[in-house]
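Me: Hi! Could you help me find my way around this one? I'm new to reading structures.

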Amino acid sequence: MLPLLRNPMTQTPEQTPRKLKPELWVKNYGNYLYNYALGRIKNHTEAENLVQETFLAGVKSKESFSGKSTERTWLIGILKHKIIDLIRKKYREKPASELITEEQTINDFFDHTVHLKNKPKNWTPDPEQLVNNKEFWQAFAQCREKLPTLTADAFTLKEIEQMDSKEICSTLGISSSNFWVLLHRARLSLRECLENNYFERK
Amino acid sequence: MNLRKLIMTVLLMIDCKEASQLLSDQLDNPLPFFKKFLLNFHLALCKACAIVAKQFEGLKKTFTQASDREDILFNNQEKCLSEECCQKMEERIKELIR
């Protein structure tokens, strides 16, 4: 579908239909895509491969680029799908059922009287104020490293990729109730870790 | 065991572990009436869980906002692809373009 072309004299750079420039992709977007992938999967080699695959897929499907989004946004869209496919493949080969019992215990956070072991402190500022704070995201990334594999993937797909929970369950091969328990565990772990490493840091 | 804690647990009908799971669940799905009632009752009496409730909500908002933004990479380091890797990629792209 061709974008509407206006009078070339009044066309601003933004309105000019966008063209893909694959010969510049590695230079312009290589590191960006790489870091995007590393924010979602741990393995550096896998992340590199995904970036490569994304670029190649981009060249192959050049025609499907409508020009409505930027080059980068379009490439990220391709990369996102590849990340999810990689995760799906991982759990097809090694079913999550083995990991679930290991990872599902939330008992570590609660003492025998069933109160939280570590009393939560009040946070300043509210986390919503920290979206632009680099230190906060650094602390978050470190805290996420601590999550066990399946828990981390469940969290990433839900909160970072904003996937629908039914789709996540089928991607990971787990039941709905397992998923909610894992997500709970992820949130407890991150809450405590962020408290210790960011909000209450010395 | 602390008597006060024991009384609190009995009165609260659900314990902090259950409350915590409900707090997490309600971020994504509205709770059925009775569970919501039990949770709110617990939160009214349990300061720790009331703090956790606020923090869970705050973090949820933070992640939702961040996931819409391309400039937030959820990564704590700015890594670079190796020269070698970049060259390899550029070659493969060139091959495909031809």
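Reply: One term to start: a helix axis is a line fitted to C-alpha atoms over the stretch in contact, and angles run from 0 to 180 degrees between N-to-C directions. Helices here are DSSP runs (H or I, at least four residues), numbered from the N terminus. This is a predicted model, where local features need pLDDT of at least 70 and side-chain atom pairs count only at pLDDT 80 or more, while totals for chains, interfaces and linings use all residues. Residues are numbered from 1 along each chain as written, chains are lettered from A and ligands numbered from 1 in written order, and side-chain values use heavy atoms, without hydrogens and water.

Me: OK, how do α3(A) and α7(A) cross?

Reply: Helix α3 (residues 71-93) of chain A crosses α7(A) at roughly 50°, and their axes come within 7 Å. The pair is therefore called oblique; under 35 degrees would be roughly parallel, over 145 roughly antiparallel, and 65 to 115 roughly perpendicular, with the rest oblique.

Me: And which residues meet there?

Reply: From α3(A) you have A:Ile84, A:Ile87, A:Arg88 and A:Tyr91, and they meet A:Glu167, A:Thr171 and A:Leu172 in α7(A). Contact means heavy atoms within 4.5 Å.

Me: Nice. What about α5(A) and α8(A), what's their angle?

Reply: Helix α5 (residues 134-145) and helix α8 (residues 176-199), both of chain A, pack at about 135° with their axes 9 Å apart. That angle makes α5(A) oblique to α8(A). On the α5(A) side, the contact uses A:Glu135, A:Phe136, A:Ala139, A:Phe140, A:Cys143 and A:Arg144. On the α8(A) side, the residues include A:Leu190, A:Cys193 and A:Phe199.

Me: Which helix of chain B does α8(A) pack with?

Reply: With helix α2 (residues 16-26) of chain B, at an angle of about 100° and with the axes 9 Å apart. These two are therefore roughly perpendicular to each other.

Me: How many residues are in contact between the two chains overall?

Reply: There are 51 residues of chain B in contact with 62 of chain A. The area buried between them (accessible area, 1.4 Å probe, lost on being put together, summed over both) is about 5400 Å², and carbon and sulfur atoms give 63% of it. In chain B, B:Phe63, B:Glu70 and B:Phe74 lose the most area to chain A, together 13% of what that side buries.

Me: Changing topic: where's the cis peptide bond?

Reply: It joins A:Thr124 and A:Pro125, with omega about -10°. A:Pro125 lies in the loop between α4 (97-103) and α5 of chain A.

Me: And which non-glycine residue has a positive phi?

Reply: A:Gln162 has a phi near 55°. You'll find A:Gln162 in the loop between α6 (149-160) and α7 (165-172) of chain A.

Methods: Buried area = accessible area lost by both parts, 1.4 Å probe.
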